[in-house]
Amino acid sequence: MSDEQWREFERGCSPLPDPMTPSQIRRLVAQSNLHYFTFARLLNTPPRLVLRWQQGLARPRGPS
């Protein structure tokens with residue numbers, strides 16, 4: 001891939017969103033009307049990790 005092609009590709013990529021705060025994560029889980037366990041399964045994430053996000057003990061790190 002040439003440098004110009006790479007630059008064009010990068011321009012088309014969406015930037016990563018700002019990290020969510022624990023309160024934003026709690027609000028998102030609450031608005032989903034799902035138990036945190038079900039919410040975690042939808043994200044293919046351990047439920048304990050969702051709890052840690054909500055408590056501010058861990059932060060989401062983007063797509064995996």
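Which helix holds Trp6? Trp6 is part of helix H1, residues 3-12; helices here are DSSP runs of H or I with at least four residues, numbered from the N terminus. This is a predicted model, in which local features need pLDDT of at least 70, side-chain atom pairs count only at pLDDT 80 or more, and totals for chains, interfaces and linings use all residues. Residues are numbered from 1 along each chain as its sequence is written, and side-chain values use heavy atoms, without hydrogens and water.

Two residues can be set side by side by relative accessible area (buried: under 20%; exposed: over 50%; partly exposed: in between; 1.4 Å probe, protein chains only).

| Residue | Relative accessible area | Class |
|---|---|---|
| Trp6 | 43% | partly exposed |
| Thr45 | 14% | buried |

Thr45 sits in the loop between helix H3 (36-42) and helix H4 (47-55). A polar atom of the Thr45 side chain is 3.1 Å from the backbone oxygen of Leu43. Leaving out residues up to four places away in sequence, Thr45 touches Ala40, Val50 and Trp53, where contact means heavy atoms within 4.5 Å.

Beyond four places in sequence, Trp53 is in contact with Pro22, Ile25, Leu43, Thr45, Ala58, Arg59 and Pro60.

Methods. Helix = DSSP H or I, 4+ residues; strand = E, 2+ residues; numbered from the N terminus. Polar contact = N/O pair within 3.5 Å; in protein donor to acceptor, adjacent residues only side chain to side chain.
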